[in-house]
Amino acid sequence: MSPHQVQDLLNEARRASWKEASVYQIWPASFKDSTGSGTGDLKGVISKVDYLKKLGIDVVWLSPIFESPQVDMGYDISNYRVIDPRYGSIEDVDVLRDRLHERGMKLIMDLVMNHTSDQHEWFKQSRSSRKNKYRDWYIWKPAHFDTQGNRQPPNNWQSHFQGSTWEWDECTGEYYLHLYGKEQPDLNWENPAVRNEVHETMRFWLDRGIDGFRFDVINFVSKGTEFPDSSSDFFPGSEFYAAGPRLHEYLQELGSILQEYDAFSVGEMPCVHDTKEIIKSVQEDRGEFNMIFHFELMDIDHGAEGKFFPGQWSLPDLKRTVNKWQQFMYQNNGWNALYMENHDQPRAVSRFANDSPEHRIQSAKMIAVFLALQAGTPFVYQGQELGMHNMPAAWPMEEYQDIDCLNHWRLKGQDADDETRKMFRQEYQKKSRDNARTPVQWDSSKHAGFTSAEKPWMAVNPNYSIINAAAQLDDPSSVFNCWRSVLETRKRYKDIVVYGRFDLVDENNDKIFAYSRTAPEGRVLVVCNFSAETAKWVGVPASVQEVIMTTTGRSREALQGAQVQLEPFEAIAMLVTE
């Protein structure tokens, strides 16, 4: 028996419902407003459950809905067991849970427990006195002083939201650590009481019938105890906390609770490039998480000085990255979380394809086929199923809301020379998190049917009269129905496209990304034209049995012969015999 055959049998034995599922991420503030407040809410989500069911979704992931000052749109939590009133109540969560369960769908929540809000009662107590029992729930350090006697932070670590990771607290005369905003102090997971509270929070929601969690920047929770200076140019300090000394001990503690409840889990894992560290988090026999979001694909177009500096990606780069993780997870009994956009990333159509009126629809469909037929669990971000794309280039800085982008502009952009300012503005329009946070476009009425308020919390993309759900639901050629079809196809051919082996095909082609999925049950060939030009592809096998997905309505008969002319951004998936 060949190594490939042995691995096929191993993967066959490791079947699980979460591997076969598709996940839909909801950014609540921008999904659907039911009250006229201008901000999306839980009742708005409840009103669209049947829409999600029609799309073919199995799991709904809610970005944070807990009580929060909203400095970072809910990723700064002030109470983990209370729902923020702008979104609704805990009873609304119960209703949403039940509506989803009635339709055979699951609900997972976003837990942000690397840090809290500075308005959380724990932190208020912690900063009230060095002797307070909550003092050690956060990371406090004394100042350093330079040779001139000037106060300096404990080390040179840099925040992910610009500037130092340390904030001076006048009340108690020490610095506290915040890897993100100064309003987001980091919890001290070295303290067993902190970890116990994390565990109890998980149990609180799991006991209430929630089906699992997405864990925000969960790999940052182990920071060691030394806090040395960094010599890195890449998020200085991250080499000491991105996969800290006790990380997997902590993740196994979480994993034991998740296994007890048979709960769904996906962890976010930025700044980690060591495959050995990543596989520890998702290897099936280690008892940590089902899958993780790594960032190698998301960093593909970042510049030398970070994401807001110009960078280019190429199709060979994309092929290398995708092939690396497809092969690695399959061969090491791990699992991929498949995503090309989310609340922290720009829209995939704008980033990886072409959002011009001429090519937008085909681009959005091609991405659906390309992503969802790979090995892993696909994550669809709200509006992606409609082909929503980035903010207009003409929008002024006043329309931007993202703390990361605004901090960058304040510290590096607004006082720069004209050329640098122009460059940053171009990069914000390409990569700002705001691109994914414009309201979902439901119909062609005012504010895209998102809200009845005079002004939504964030402006709606003005293309909503053309790109909206109402125009797509009953159109068999729409982006929505392409996504619906590809998710259905993934289930129909799950033996091959969920559990099969991934192999690159025609690796050196500079326009076409082709790959195959192979299992004992058969072989599927996926061919995607990533260019805005017609591309000739030589490699159509004589044994095409069936076209299982097409973005252009291409028939099996149209694939007879050794070559095919692919339209710009066309994608085809074929069932072939060996």
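This section describes the cavities, pockets and salt bridges of a predicted model. Local features need pLDDT of at least 70 and side-chain atom pairs count only at pLDDT 80 or more, whereas totals for chains, interfaces and linings use all residues. Residues are numbered from 1 along each chain as its sequence is written, and side-chain values use heavy atoms, with hydrogens and water left out.

Lining residues have an atom within 4 Å of a point. Grid points are joined across faces, edges and corners, and a volume is the space filled by probe spheres set on the points. The search gives 6 cavities of 30 Å³ or more. The largest cavity has a volume of about 200 Å³. Its lining comprises 16 residues, with His-294, Leu-297, Ala-337, Leu-338 and Gln-374 nearest the centre. Two or more lining residues come from each of α11 (315–331), β14 (337–338) and α13 (360–372), where helices (H or I, at least four residues) and strands (E, at least two) are DSSP runs numbered from the N terminus. The most, 4 residues, come from α11. By class, 11 residues of this lining are nonpolar, 5 are polar and none is charged; Ala, Val, Leu, Ile, Met, Phe, Trp, Tyr, Cys and Pro count as nonpolar, Asp, Glu, Lys and Arg as charged, and the others, Gly among them, as polar.

The second largest cavity holds about 70 Å³. Residues that line this cavity include His-294, Glu-296, Asp-299 and Trp-325. Its lining has 5 nonpolar, 2 polar and 2 charged residues.

A pocket is an open set of points with protein on both sides within 12 Å along at least five of seven lines. The largest pocket contains about 1,100 Å³ of space. It is lined by 41 residues, of which His-160, Phe-235, His-302, Lys-307 and Asp-404 are the closest to its centre. Helix α14 (residues 403–413) gives the most to this lining, with 3 residues. The classes are 14 nonpolar, 14 polar and 13 charged. For the second largest pocket the volume is about 370 Å³. Among its 22 lining residues, Trp-18, Gln-259, Asp-262, Ala-263 and Asn-290 lie closest to the centre. Elements that give two or more residues are α2 (17–20), α9 (247–260) and β12 (264–268). This lining has 7 nonpolar, 7 polar and 8 charged residues.

The whole structure has 45 salt bridges, each a side-chain nitrogen of Lys or Arg within 4 Å of a carboxyl oxygen of Asp or Glu. Glu-296 pairs with Lys-324 at 2.8 Å between the closest N and O atoms. Glu-296 lies in the loop between β13 (291–293) and α11, and Lys-324, 28 residues apart from it, in helix α11. Glu-296 is partly exposed at 27% relative accessible area, as is Lys-324 at 31%; buried means under 20%, exposed over 50% and partly exposed in between (1.4 Å probe, protein chains only).

Lys-54 and Asp-474 form a salt bridge at 3.9 Å, N to O. Lys-54 is in helix α4 (residues 49–55) and Asp-474 in the loop between α16 (469–472) and α17 (479–492), so the pair ties together parts 420 residues apart in sequence. Lys-54 is partly exposed at 40%, whereas Asp-474 is exposed at 70%. The side chains of Arg-554 and Glu-570 meet at 2.7 Å, N to O, and both residues are buried. Asp-72, Asp-344, Asp-402, Arg-433 and Arg-437 are joined in a salt-bridge network.

Technical notes: On a 1 Å grid over the protein atoms alone, a cavity is a set of points where a 1.4 Å probe fits but cannot get out, and a pocket is an open set with protein on both sides within 12 Å along at least five of seven lines; lining residues have an atom within 4 Å of a point.
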